[in-house]
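Subject: Structure handover

Hello,

Here is the structure I said I would pass on. My notes on it follow below.

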Amino acid sequence: MRKQSKYRPKGVRVDAVNWVLSGLKPVVAHTEVLNLRTKNHSAMASMLAGTGTRDDVDILIAAMNMTEALSLTRGELGIDWKQEINAAQNALFTMAQRGLIKNRFLFTGPEMQALKLAMEIHDAQIEQSTIQDFEKALALVNQTILSNKARRIVSLEPA
């Protein structure tokens, strides 16, 4: 009888020292951070202008997930802003549910303020974090999604 699982060797890091050293570099030292910030802020601007699309909502969801994960993986990166981060995630969640019903994604005033504050927190986290912090936060987000602990945005049809 043949073994059910196939052998999958782990990847080998050719230059382990360089990998460790690059993990200690600040995130702002990389050019991709400018693209990330531009993408986040353009999605936020289009949402505030009332022209937001599903792609803009997805970008904001990813940014808020990273904001929460960075605060959890490295406490000094926003654990004291936990309530504000949760408020922004709740605001984004309710707005997205409404948007699926109406096919138009619009914030209310308090939701908009909560998300603006959380975006400022995310920008501050980017300034202070390292590549290693981002890798840990991304792994936490992926693990949360794979273990079905993340909230799914589903359309709640009006009664």
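Why does Ser 46 count as buried? Ser 46 counts as buried because its relative accessibility is 15%, where buried means under 20% relative accessible area, exposed over 50% and partly exposed in between (1.4 Å probe, protein chains only).

Some ground rules first. This is a predicted model, in which local features need pLDDT of at least 70, side-chain atom pairs count only at pLDDT 80 or more, and totals for chains, interfaces and linings use all residues. Residues are numbered from 1 along each chain as its sequence is written, and side-chain values use heavy atoms, with hydrogens and water left out.

Helix α2

Ser 46 lies in helix α2; helices (H or I, at least four residues) and strands (E, at least two) are DSSP runs, numbered from the N terminus. Leaving aside neighbours within four places in sequence, Ser 46 is in contact (heavy atoms within 4.5 Å) with Thr 51, Gly 52 and Asp 56. Helix α2 covers residues 32–48. Its 17 residues reach 24 Å from first C-alpha to last, close to the expected 24 Å (1.5 Å times one less than the number of residues). Besides Ser 46, the buried residues of α2 are Val 33, Asn 40, Ala 43, Met 44 and Met 47. Their cover includes α3, α4 and α5 (109–128). After α2 comes Gly 50, with a positive phi near 85°.

Nonpolar cores

A nonpolar core is a set of buried Ala, Val, Leu, Ile, Met, Phe, Trp, Tyr and Cys residues joined through side-chain atoms within 4.5 Å. The largest has 16 residues, and Met 47, Leu 60 and Leu 92 are among those with the most contacts inside it. Helices α2, α3, α4 and α5 each supply at least two residues of this core. Apart from it lies another core, of ten residues, including Val 33 and Leu 70.

Largest pocket

A pocket is an open set of points on a 1 Å grid over the protein atoms alone, where a 1.4 Å probe fits, with protein on both sides within 12 Å along at least five of seven lines; lining residues have an atom within 4 Å of a point. Of its 27 lining residues, Ile 61, Asn 65, Ile 145, Ala 150 and Arg 151 lie nearest the centre. Helix α3 gives the most to the lining, with nine residues.

Regards
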